[in-house]
Amino acid sequence: LQGIFVLGLPYALLHSGYSGLFLLILAAALCCYTGKILIACLYEENEDGQLIRVRDTYEDIANTCCKNLYPELGGIVVNVTQVVELIMTCILYLVVSGNLLSHSFPYIPLTEKMWYVIAFVTLLPCVFIKTLKTVSKLSQLCSLVHFIIILVVMTYCLTQIHQWSWAKFRLSIGFEEFFVSVGVIIFSYTSQIFLPTLEGNMKNPGEFRCMLNWTHFFACVLKTTFALTAFLTWGEETKEVITDNLPSFLQTIVNLCLLTKALLSYPLPFFAATEIVYSCIFSGNHSNYRSPLFALGVRSSFLLLTLLMATFIPHFVLLTGLTGSVTGAVMTFLLPSLFHLKLKWKKLCFLEKCADTSVFILGFLCSLAGIICSIKGLLKVFG
């Protein structure tokens, strides 16, 4: 919930004004709610009225909901959406890495695309990662670096408190920029694809709802505080990646820390995406695909895909907004509410049905508008 995409939130506030602050809170509340109803779909009551966990994954829930239409349709939709979101996340890490390298070493005569290639080369060892144990060690370092970065940025912003002004917030906002900001904010909260596994591995799953409440509460406080202090410091000068606003004596140090974080963050979504692909292939008993050479080929193809996409769409906020509007909204709002209505319809009260329906409609409208606005923004860039 506190990933590198937090760095795009001040820029999102620039284009969403006061409504952006409301959206940061609303998104946290809605994501927390859909996380709870998604986990509720894993359980069914037995004859004694006790809740029993009968499903293990997001894919299992989807397949159950679609079994009368086409048994594996739901799983296919979920898996494709998950892979797209994970690959887009990898692309964003590569975009950030290239951006940070170019800003850290402006005196080296290389284009930003050349820096993408350099970052890509440092990520080549990812194709040899075979277990989550290796990824977890990298993620621990990543978390440490993240909090150092946030601390440095926040500390600098607080030294500039004398120039803060609420007048920097826009009263009028552009329609297109607003919905791109919505996508950025949604994407910064997405975690639903990990929740079934997380809940299943908790020592006391009964505490899951409480855990979800507290984590989303603190995530909301941290995101809002960070985005607000950074925006009040730079106002209209706020850039897509907020660290680009820092003075030169801090920028190089923080950018190198961010580069380290981005590169250390890349293996987790990369590993998760390839594992989903393997599980889909192996479920069909294609034994010929189990060779190490095939696995290496899949990982290499995914890695190369992220480089090509980063090269063609090197715009952090637009790419984040598009990803949040497409996969983020689908996995976070649309599917959990739809599945909950499908599986629990007879047991839901009127207000719960209204809540699920409202979340679905809101998620659909925001997703549609965000997709249109993000694509229009990208077309303007290429035009």
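Author: Let's start with a term: contact means heavy atoms within 4.5 Å. This is a predicted model, where local features need pLDDT of at least 70, side-chain atom pairs count only at pLDDT 80 or more, and totals for chains, interfaces and linings use all residues. Residues are numbered from 1 along each chain as its sequence is written, and side-chain values use heavy atoms, with hydrogens and water left out.

Reader: Which residues of helix α5 are buried?

Author: Helices (H or I, at least four residues) are DSSP runs, numbered from the N terminus. Buried means under 20% relative accessible area (1.4 Å probe, protein chains only). In α5, residues 112-122, the buried ones are W115, Y116, A119 and F120. They lie on the same side of α5 because their arc around the axis is only 145 degrees; the arc is that of the directions from the helix axis to the C-beta atoms.

Reader: Why do residues three or four places apart point the same way?

Author: An α-helix has 3.6 residues a turn, so such residues point the same way.

Reader: Which helices do the buried residues of α5 pack against?

Author: Their partners are α4 (73-104), α10 (248-265) and α12 (292-312).

Reader: How many disulfides does the structure hold?

Author: A disulfide is a pair of cysteine sulfur atoms within 2.5 Å, and the structure holds zero. For C32, the closest cysteine sulfur is in C31, 8.8 Å away, too far for a bond. C90 is in no disulfide either, with the nearest cysteine sulfur, that of C126, 8.1 Å away.

Reader: Is C90 buried or exposed?

Author: C90 is buried, with a relative accessible area of 0%. C32 is buried too, at 8%.

How values were computed:
Buried means under 20% relative accessible area, exposed over 50%, partly exposed in between (1.4 Å probe, protein chains only). Helices (H or I, at least four residues) and strands (E, at least two) are DSSP runs, numbered from the N terminus.
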